[in-house]
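Hi everyone, thanks for making time for this. I'd like to walk you through one structure today, so please have a look at it while I talk.

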Amino acid sequence: QVQLVESGGGLVQAGGSLRLSCVASGLTFSNYAMAWFRQAPGKEREFVTAIRSSGGYTYYTDSVKGRFTISRDNAKKMVYLQMNALKPEDTAVYYCAAGISWTLSGQYNYWGQGTQVTVSS
């Protein structure tokens with residue numbers, strides 16, 4: 001049974017930082033691309049960032065470039081999202097996702113339950 005479990009969300013003031021973590025189990029982690037998505041209240045889920053299975057390539061949506069950093073540790077089966085210079089518009093539930101194929105769409109095989117990030121102004 002595959003599980004992705006996110007942690008690290010919380011309430012932070014604008015300009016602050018948070019680090020999200022996602023631990024995977026039940027899959028060969030090093031074979032999967034990993035991504036972070038987010039969904040704000042009343043909005044559709046949106047892609048935030050992704051990292052290839054080897055960690056050698058990353059991609060970010062324009063709104064987070066220069067502020068967010070995705071990384072992974074294949075030995076620990078973990079993926080991270082370092083979020084700096086947070087803005088109120090970053091407020092959302094953040095989801096970790098695992099995909100056997102590299103994609104920037106929502107076509108990922110497994111999803112976590114999400115962790116809430118709230119940025120106050």
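Let me start with a definition: a salt bridge here is a side-chain nitrogen of Lys or Arg within 4 Å of a carboxyl oxygen of Asp or Glu. Please also keep in mind that this is a predicted model. With that rule, the count comes to four salt bridges.

Which residues are linked in a network of salt bridges? They are R38, E46, R67 and D90. Let's take two of the links in turn.

In the link between R38 and D90, the closest N and O atoms are 2.9 Å apart.

Like D90, R67 is buried.

Now a salt bridge in another setting. K65 pairs with D62, with the closest N and O atoms 3.0 Å apart. K65 is partly exposed, at a relative accessible area of 45%, and D62 counts as exposed because its relative accessibility is 61%.

How many of the seven residues of β4 are buried? Six are, so the strand is largely enclosed by the rest of the structure. With β9 it pairs in the antiparallel sense over seven bridges, and M34 has A98 in β9 as its bridge partner. With β5 the pairing is antiparallel as well, through five bridges, and here A35 stands opposite A50. The hairpin of β4 and β5 has six residues between the strands, and in it G42 takes a positive phi near 75 degrees.

Next, please turn to the open sheet. What is the order of its four strands? The order is β1-β3-β8-β7, with antiparallel pairing. At the edges are β1, residues 3-7, and β7, residues 68-73, each of which pairs on one side only. Neighbouring strands of this sheet are turned by 15 degrees against each other on average, ignoring direction. β7 and β8, the latter covering residues 78-83, run antiparallel and are joined by six bridges. Within that pairing, S71 stands opposite Y80 in β8.

Some loop residues deserve a stop as well. K77, in the loop between β7 and β8, has a positive phi near 60 degrees although it is a residue other than glycine. K77 is partly exposed, given its 31% relative accessibility. A85 is not a glycine either, and its phi is positive at about 50 degrees. You will find A85 in the loop between β8 and β9, where its 37% relative accessibility makes it partly exposed.

G9 is in the loop between β1 and β2, and at a relative accessible area of 33% it is partly exposed. Beyond its neighbours within four places in sequence, G9 is in contact with L18, L20, T115, Q116 and V117. For a sense of distance, G9 and S54 are 45 residues apart in sequence and 26 Å apart in space, C-alpha to C-alpha.

My last stop is on the surface. Which residues form a nonpolar patch there? Y57, Y59 and L104 do, with about 260 Å² of accessible area together. Y57 is in the loop between β5, residues 46-51, and β6, residues 58-60. With 40% relative accessibility, Y57 counts as partly exposed.

That's my tour, and I'm happy to take questions.

Note on methods:
Residues are numbered from 1 along each chain as its sequence is written. This is a predicted model: local features need pLDDT of at least 70, side-chain atom pairs count only at pLDDT 80 or more; totals for chains, interfaces and linings use all residues. Side-chain values use heavy atoms; hydrogens and water are left out. Patches are made of residues with over 30% relative accessible area and no salt bridge: like charges are joined within 9 Å, nonpolar side chains (Val, Leu, Ile, Met, Phe, Trp, Tyr) within 5 Å. Accessible areas come from the Shrake-Rupley method with a 1.4 Å probe; for residues, only the protein chains shown count as cover. Helices (H or I, at least four residues) and strands (E, at least two) are DSSP runs, numbered from the N terminus. Buried means under 20% relative accessible area, exposed over 50%, partly exposed in between (1.4 Å probe, protein chains only). Two strands pair if DSSP finds at least two bridges between them. Axes are lines fitted to C-alpha atoms, for helices over the stretch in contact, and angles run from 0 to 180 degrees between N-to-C directions. Contact means heavy atoms within 4.5 Å.
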